[in-house]
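Subject: Structure for your review

Dear colleague,

Please find below the structure that I am handing over to you. My notes on what was found in it follow directly after.

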Amino acid sequence: MPTNTNQANIQPIYEVYANVQGRDLGSVAGEIEKIVAGVQKELSPCNSIQVLGQIQSMNDAFRDMGDRALVRCRFVYLLMVVNYQNFGDPLVVILALPATFCGIVTMLYITDTTLSVPSLMGAIMAVGVASAQLRSCW
């Protein structure tokens with residue numbers, strides 16, 4: 001049942017709020033997407049459903065982090081080329097970093113932590129520490 005009804009451009013708008021108390025936003029977003037996909041098929045062509053709020057912010061944050069990851073990797077590689085003063089050594093360090101990601105994913109699984117923006121920021125810092133440690137061993 002809608003909690004608020006408004007109008008925009010003479011179109012009725014029904015706002016439905018959901019509480020995610022005690023659950024992670026990603027799993028709630030998945031359930032909401034399933035419900036919206038089922039209901040979207042029953043709507044007439046002029047009607048639509050938009051999911052806004054924290055789910056939209058979460059999806060935007062993950063998309064932006066994923067889109068810019070490759071550019072960041074290239075930039076870090078070029079910075080390491082300047083530090084090492086050759087092109088081969090930084091490549092070896094970069095190729096060793098997937099093992100760091102395996103450790104990060106393993107610890108997220110062991111601690112039953114969801115993949116979120118703070119955990120991704122921690123992963124970025126862990127990669128920085130791992131590359132610094134590999135550089136000091138070199």
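In these notes a residue is called buried under 20% relative accessible area, exposed over 50%, and partly exposed in between, with a 1.4 Å probe and only protein chains as cover. By that scale Asp 60, at 29% relative accessibility, is partly exposed.

This is a predicted model: local features need pLDDT of at least 70, side-chain atom pairs count only at pLDDT 80 or more, and totals for chains, interfaces and linings use all residues. Residues are numbered from 1 along each chain as its sequence is written, and side-chain values use heavy atoms, with hydrogens and water left out.

Salt bridges

A salt bridge here is a side-chain nitrogen of Lys or Arg within 4 Å of a carboxyl oxygen of Asp or Glu. The count by this rule is three salt bridges. Asp 60 takes part in one of them, with the side chain of Arg 63, at 3.0 Å from N to O. Both residues belong to helix 2, where they are three residues apart, about one turn of the helix. Helices are DSSP runs (H or I, at least four residues), numbered from the N terminus.

Arg 63 is partly exposed, at 45% relative accessibility. The side chain of Arg 63 also meets that of Asp 64 in a salt bridge of 3.7 Å, N to O. Asp 64 has a relative accessible area of 27% and is therefore partly exposed. Through shared partners, the salt bridges join Asp 60, Arg 63 and Asp 64 into one network.

Another salt bridge links the side chains of Arg 23 and Glu 31, at 2.7 Å from N to O. Arg 23 counts as partly exposed at 41% relative accessibility, and Glu 31 counts as partly exposed at 40%.

Helix 1 and its cover

Helix 1 has 16 residues and spans 22 Å from its first C-alpha to its last, close to the 22 Å expected at 1.5 Å a residue. The expected span is 1.5 Å times one less than the number of residues. Which residues of helix 1 are buried? They are Val 28, Ala 29 and Val 36. Seen down the axis of helix 1, these buried residues fall within an arc of 100°, so they line one face of the helix. The arc is taken from the directions from the helix axis to the C-beta atoms. Helix 2 (54–84) is included in what covers the buried residues of helix 1, contact meaning heavy atoms within 4.5 Å.

Val 39 is also found in helix 1 (residues 25–40), but at 33% relative accessibility Val 39 counts as partly exposed. Together with Ile 35, Ile 49 and Val 51, Val 39 makes a nonpolar surface patch of about 290 Å². Such a patch joins nonpolar side chains (Val, Leu, Ile, Met, Phe, Trp, Tyr) within 5 Å, from residues with over 30% relative accessible area and no salt bridge. Accessible areas come from the Shrake-Rupley method with a 1.4 Å probe, and for residues only the protein chains shown count as cover.

Positive phi values

Most residues other than glycine have a negative phi. Gln 85, which is not a glycine, has a positive phi of about 65°. Gln 85 is found in the loop between helix 2 and helix 3 (88–110) and counts as exposed at 70% relative accessibility. Asp 112 has a positive phi near 55°. Asp 112 lies in the loop between helix 3 and helix 4 (117–137) and counts as exposed, at 70% relative accessibility.

With kind regards

Conventions
Patches are made of residues with over 30% relative accessible area and no salt bridge: like charges are joined within 9 Å, nonpolar side chains (Val, Leu, Ile, Met, Phe, Trp, Tyr) within 5 Å. Helices (H or I, at least four residues) and strands (E, at least two) are DSSP runs, numbered from the N terminus.
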